[in-house]
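User: I'd like to learn how to read metal sites and aromatic contacts in a model. Could you walk me through them?

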Amino acid sequence: DALAAMLGKWAPPSASAPGTAKKVYSADELRAALKESELINYYQPKVAVASGEVVGVETLVRWRHPRDGIVFPDQFIGVAEASGLIDDLTQTVFTAAMTQAKAWQEARLPLRIAVNVSMDNLASIDFLNFVAEAAAKEGIAPQNVVLEVTESRLMQDTRAPLEILTRLRLKRFRLSIDDFGTGHSSLAQLRDIPFDELKIDQGFVHRASTDETLRAIYDASLSLARQLNMEVVAEGVQDQEDWELLRRTGCDLAQGAFVSRPLLPEDVPGWIELWRERVRT
Ligand code: C2E
Ligand code: CA
Ligand code: CA
Ligand code: CA
């Protein structure tokens, strides 16, 4: 169909040929890339499972490398964290996301916009001030900004980051716990953190309708989120069977290749029109 034609065939974003080692970039290369504005944001839609409504997008950074082409974040986020460039990177991504959110807002596409935040960003109160100011500058309400933090990192060391997250929550930013199921959180730990959204890791979503082990983790995550009053997002929804499972079990939101791969911002309005046609029929 038209939608499939437009999106092309999904290739796993970070796939490289078997046996090929992925290039790891140096901090100097990344620093130069930030300076030359080579980092660009893609946006992957999140849709409501029951209504099909497009609720928001997740910002996913890529490096448009002058020689190597499009480089995926698993090849440079680790370097950014290890070298202290992660604050600069997150601010660059966040600022561009707010500018984009404003443009969509003006085009009457009020999309909630999610940005990935590293635990290393949550070391100082400066981050909170930056986020609040950058959103306010573009007229984006905190309720429409989602900050995604990975579960595994969250449970490692806690105090200072948790305080900053709590303060962001008090300012009405939405907090999302990412890659849920990979980090061994306990109910007690989760109760202390004011999260609005829980994202079930894609490893527990695709094929969960036929694999008992995956299904058990999927069900447990869903029920935990329900008990803690969080909205649930299933990541990595790849086919009709995955989608039907979400419908049957009452999962709130879906994200993944079955809905849309990450898009360039200019492709988002056209995708929304095609998606609305697809859910109407
Ligand atoms: P994530 O936050 O869990 O993002 C989801 C990843 O899964 C994205 O990979 C997305 O392209 C991919 N994905 C989505 N749907 C499907 C699907 O149906 N099938 C498959 N095979 N993959 C799917 P991506 O863009 O390569 O990002 C990888 C990770 O890099 C992200 O995982 C996130 O942890 C990190 N990341 C991305 N952008 C940023 C950023 O701006 N800042 C930080 N700190 N981390 C980022
Ligand atoms: Ca994420
Ligand atoms: Ca995730
Ligand atoms: Ca992930």
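**Calcium sites and aromatic pairs**

Analyst: Let's start with two ions: the calcium ion (ligand 4) and the calcium ion (ligand 3) are 3.7 Å apart, with Asp-179 coordinating both. This is a predicted model, where local features need pLDDT of at least 70, side-chain atom pairs count only at pLDDT 80 or more, and totals for chains, interfaces and linings use all residues. Residues are numbered from 1 along each chain as its sequence is written, chains are lettered from A and ligands numbered from 1 in the order in which they are written, and side-chain values use heavy atoms, with hydrogens and water left out.

User: Is Asp-178 buried or exposed?

Analyst: Buried means under 20% relative accessible area, exposed over 50%, and partly exposed in between (1.4 Å probe, protein chains only). With a relative accessible area of 5%, Asp-178 is buried. Glu-235 is buried at 8%, while Asp-179 is partly exposed at 24%.

User: And how are aromatic pairs described?

Analyst: A pair of rings is described by the distance of the centres and the angle of the planes. Rings of Phe, Tyr and Trp (its six-membered ring) pair if their centres lie within 6.5 Å; planes under 30 degrees apart count as stacked, over 60 as edge-to-face and the rest as tilted. The structure holds seven such pairs. In one of them, the ring centres of Tyr-25 and Trp-63 are 4.7 Å apart and the planes meet at 50 degrees, so the pair is tilted. Tyr-25 is in the loop between α1 (2–7) and α2 (27–35), and Trp-63 is in strand β2 (residues 54–65). Tyr-25 is buried at 4%, as is Trp-63 at 1%.

User: Which residues form one aromatic cluster?

Analyst: That cluster is formed by Trp-243, Phe-258, Trp-271 and Trp-275.

Technical notes. Donors = N, O, S within 2.8 Å, 3.2 Å for Na, K, Ca; no water. Helix = DSSP H or I, 4+ residues; strand = E, 2+ residues; numbered from the N terminus.
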